Amino acid sequence: MPDKKKIIILGANGMLGKAACRLFSGHYNIFPFDLNDFDIRDAGALRRHISDIKPYLTLNCAAYTDVDGCEEKSELAFEVNGRAPGLIAAVCREFSVYFIHFSTDYIFNGEKTSEYTEEDKPQPLSVYGQSKLEGEKRIMLSGGNNLIVRTSWLYGPFGKNFVSSIIAAAKDKREISVVNDQTGRPTFTYDLLDCAGWLIDRKITGIIHACNSGTCSWFDFAESIIKIKGIPAKIKAIKSDELRRPAKRPENSVLSVNKLVSLGYKEIRPWNDALKTYIEEYL
Ligand SMILES: NC(=O)c1ccc[n+]([C@@H]2O[C@H](COP(=O)([O-])OP(=O)(O)OC[C@H]3O[C@@H](n4cnc5c(N)ncnc54)[C@H](OP(=O)(O)O)[C@@H]3O)[C@@H](O)[C@H]2O)c1
C-alpha cells in the first residue's frame, strides 16, 4: 500500500483544526501545529517544518477569529489574518506544496439582495473582514497552488460556538435575545471538511464558497437549536443595533455554492439537518 500523503494542519487546536485532524487522520499522515508549537507569523519556523516534513498539503485553520476583539487589536488581526497567510503561501510555493486556507462571509458588506458569488466585490464592514480579505489577496498574489475556501457561521465539536452558547444560555435563562436582521448559512465543520477532502482529491485551486445549504437568521438558528434540544426557553428577536457590538456584521452574508456544485460536488445538506446531527451526536 502506498504511504499516506502528509498534511500539515495549522491551527490544529481550534474548532475547525481539531475536526480536520480527526477527519483526515484516516486518509492522511497528519502533522498538527498550533500557537504553542509556533506562530504562523514566523515564516522561518514554518519553512523548517515544511522542509523537514515535505507535506503534500498545508491546511491553514489558524486565524485570529474574535470578530469584536479584532476592532481593538487591529494590528494583530492584520498580522495573523492578513500578512501570515501570504507568508504561508510563499513558503508553500517555494516547496511546491498545495495550500488551502479558510476565509469568511464577513468580507462582504451584506448590501446585496441575493447570494454572494466568488466574483462579487468584497467590501468588509469590520477589521476582521478587512484582515481576512488582506489574507486572501496576499495568497492570490503568491502565485502558488492555492485554494481559498470561504465559509460562514461555523459550528461543531471542539470549540465554543453559537450552538453551544445558545444551549448554555437557554439552560440558565427563560428568554434569550438574538438578532433577526442578519441572514446567512450556518455550516457544520464536518460537512465543510468532507467538502474540503473532495476539493483536495481534485487539487482545486482559486476561491470557492462552501457552506451548508438553506439560509436563516441567527434568530431562526437559535429557535431551531432549542427546539431540537427540547429546552423550554423563549428566543426574543432583536435588531443588531440593540447589541452595540464593536464590529459591524453584514445583513446578508449568504454565500452562493453554485460554483462548488458546478464543479461536481453535491450540494451540502441543509443547515437544519446538519444542526440536528451535531446536537444529537455531540451535545
Ligand atoms: N468560526 C466561524 O464562524 C468562521 C466563519 C467563517 C470562517 N471562519 C474561518 O475558519 C477558520 C477556522 O476558524 P475556527 O472557528 O476554527 O477558529 P478558532 O477555533 O478560533 O481556531 C483558530 C486557531 O488558530 C490559533 N491561532 C491564533 N493565532 C495564531 C497564530 N498567530 N499562530 C498560530 N496559531 C494561531 C488559535 O490558537 P489560540 O486559541 O491559542 O489563540 C486557534 O487554535 C478561520 O480561518 C476563520 O477565519 C470561521
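1. Helices here are DSSP runs of H or I of at least four residues, numbered from the N terminus. In that numbering Ile-50 lies in helix H2, and the model in which this assignment is made is a predicted one.

2. Taken as a whole, the protein chain has 11 helices and 12 strands. Its radius of gyration is 19 Å, close to the 19 Å that the globule rule gives for 283 residues, so the chain is as compact as a globular protein of that length. Along the principal axes, the C-alpha atoms fill a box of roughly 55 × 40 × 40 Å.

3. When contacts between residues at least 6 apart in sequence are considered, 81% of them join residues at least 24 apart.

4. Ile-50 deserves a point to itself. With a relative accessibility of 0%, Ile-50 counts as buried, because the cut-off for that class is under 20%. Leaving aside residues up to four places away in sequence, Ile-50 touches Ile-8, Pro-55, Thr-58, Val-91, Cys-92, Phe-95 and Val-97. By contrast, the C-alpha atom of Arg-174, which is 124 residues from Ile-50 along the chain, is separated from that of Ile-50 by 51 Å.

5. Which residues of H2 meet H4? They are Ala-43, Leu-46, Arg-47 and Ile-50, and their partners in H4 are Leu-87, Ile-88, Val-91, Cys-92 and Glu-94.

6. The crossing of H2 with H4 is right-handed.

7. Helix H4 (residues 74-94) also packs against helix H5 (residues 127-142), where the axes come within 8 Å and cross at roughly 15 degrees. H4 and H5 are therefore roughly parallel to each other, and their crossing is right-handed. On the H4 side the contact is made by Ser-74, Ala-77, Phe-78, Asn-81, Gly-82, Arg-83, Pro-85, Gly-86, Ala-89, Ala-90 and Arg-93. On the H5 side the contributors include Val-127, Tyr-128, Gln-130, Glu-134, Arg-138 and Ile-139. The residues of the contact of H4 with H5 divide into eight nonpolar, eight polar and five charged.

8. A further helix pair consists of H1 (residues 15-24) and H7 (residues 189-201), which pack at an angle of about 60 degrees with their axes 10 Å apart. That angle makes H1 oblique to H7, and H1 passes H7 in a right-handed crossing. From H1 the contact draws on Met-15, Leu-16, Ala-19, Ala-20, Arg-22, Leu-23 and Phe-24, and from H7 on residues including Thr-189, Tyr-190, Leu-192, Leu-193 and Asp-194. The contact of H1 with H7 divides into 11 nonpolar, two polar and two charged residues.

Notes:
Residues are numbered from 1 along each chain as its sequence is written. This is a predicted model: local features need pLDDT of at least 70, side-chain atom pairs count only at pLDDT 80 or more; totals for chains, interfaces and linings use all residues. Side-chain values use heavy atoms; hydrogens and water are left out. Axes are lines fitted to C-alpha atoms, for helices over the stretch in contact, and angles run from 0 to 180 degrees between N-to-C directions. Helices (H or I, at least four residues) and strands (E, at least two) are DSSP runs, numbered from the N terminus. Angles under 35 degrees count as roughly parallel, over 145 as roughly antiparallel, 65 to 115 as roughly perpendicular and the rest as oblique. A crossing is left-handed if the near helix is turned anticlockwise from the far one by less than a right angle, and right-handed if clockwise. Contact means heavy atoms within 4.5 Å. Ala, Val, Leu, Ile, Met, Phe, Trp, Tyr, Cys and Pro count as nonpolar, Asp, Glu, Lys and Arg as charged, and the others, Gly among them, as polar. Buried means under 20% relative accessible area, exposed over 50%, partly exposed in between (1.4 Å probe, protein chains only). The radius of gyration is taken over C-alpha atoms; the globule rule is 2.2 Å times the number of residues to the power 0.38.
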